[in-house]
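The sequence and the structure are shown first.

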Amino acid sequence: MLETGIKGLQTVTVTKENSAKEMGSGTLDVFATPAMIALMEKTAWSSVAPFLEEGQGTVGIKLEISHDAPTPVGMTVTCESELIKIDGRRLVFSVTANDGKDIIGKGTHERFIIDEEKFQKKAFTKSVS
């Protein structure tokens with residue numbers, strides 16, 4: 001059953017591939033903000049996935065995130081999420097990323113529960129024929 005308090009946990013090693021320099025979000029060999037955001041989204045959606053009905057999924061709809069400290073290549077980043085609010089099909093998560101030395105990012109992330117097949121069909125209607 002989907003209820004507030006559900007927690008998620010994911011980790012990733014900072015590599016050249018997820019660095020700001022490689023991802024195009026900066027010029028340094030540090031964990032890229034887009035990579036941190038992707039980790040936060042993954043942590044949130046994967047935490048609630050087991051509680052959804054078959055055929056349902058979630059899509060990200062809003063992020064209010066700060067990236068507060070750099071993490072160099074070779075370190076591990078751990079992200080924790082907690083479902084803090086359920087408003088119909090809208091889910092609100094608290095998310096925090098930590099590299100073992102600092103909290104490197106934090107904020108809130110909102111997702112919306114969708115019917116995956118219906119959502120995908122709607123997206124395909126935008127395709128150019």
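## Helix α2

Helix α2 covers residues 33–48, and its 16 residues extend 23 Å from the first C-alpha to the last, close to the 22 Å expected at 1.5 Å a residue. The model is a predicted one.

The buried residues in α2 are Ala35, Met36, Leu39, Met40, Thr43, Ala44, Ser47 and Val48. Several elements contribute to their cover, including β1, α1 (20–23), β2 (56–67), β3, β4 and β5 (103–115).

## Overall layout

The chain contains three helices and five strands. In sequence order these elements follow the pattern β-α-α-β-β-β-β-α. The C-alpha trace spans about 45 × 40 × 20 Å along its principal axes.

The chain has 129 residues, of which 33% count as buried. Its accessible surface is about 7,800 Å², and carbon and sulfur atoms make up 52% of that area. Among contacts with a separation of 6 or more, 64% are between residues 24 or more positions apart. Charged side chains number 15 positive and 18 negative, with 5 Å between the centres of the two sets.

## Strand pairing

Strand β1 (residues 7–13) pairs with strand β3 (residues 76–87) in the antiparallel sense, over seven bridges. Within this pair, Gly8 is opposite Ser81 of β3. Strand β3 is also joined to β4 (residues 90–98), again antiparallel, by nine bridges. Here Lys85 has Val92 of β4 as its bridge partner.

Strand β4 pairs in turn with β5, antiparallel over nine bridges, and Phe93 is bridged to His109 in β5. Strand β5 pairs with β2 as well, in the antiparallel sense over 11 bridges. In that pairing, Val59 has Phe112 of β5 as its bridge partner. As a general point, side chains in a regular strand alternate between the two faces of the sheet.

## Hairpin turns

Strands β3 and β4 form a hairpin with two residues between the strands, where Gly88 adopts a positive phi near 65°. A second hairpin is formed by β4 and β5, with four residues between them. In this turn Gly100 has a positive phi of about 90°.

Thr4 is in the segment before β1. Thr4 counts as partly exposed because its relative accessibility is 45%, a value between the 20% limit for buried and the 50% limit for exposed. Neighbours within four places in sequence aside, Thr4 contacts Leu83, Ile84, Lys85 and Ile86. The C-alpha atoms of Thr4 and Asp99 are 26 Å apart, with a sequence separation of 95 residues.

Asp68 is located in the loop between β2 and β3. With 41% relative accessibility, Asp68 also counts as partly exposed. Once residues up to four places away in sequence are excluded, Asp68 touches Ile103, Ile104, Gly105 and Lys106. For one of these, Ile103, the C-alpha separation from Asp68 is 7.3 Å, and the two residues are 35 apart along the chain.

Technical notes. Residues numbered from 1 in each chain as written. Predicted model: local features only at pLDDT ≥ 70, side-chain atom pairs only at ≥ 80, totals over all residues. Heavy atoms only, no water. Buried < 20%, exposed > 50% of the residue type's maximum accessible area, 1.4 Å probe, protein only. Contact = heavy atoms within 4.5 Å. Areas by Shrake-Rupley, 256 points an atom, 1.4 Å probe, with all protein chains shown as cover. Lys, Arg positive; Asp, Glu negative; His and termini not counted. Charge placed at Lys NZ, Arg CZ, Asp CG, Glu CD. Pairing = 2+ DSSP bridges. Expected span 1.5 Å × (residues − 1).
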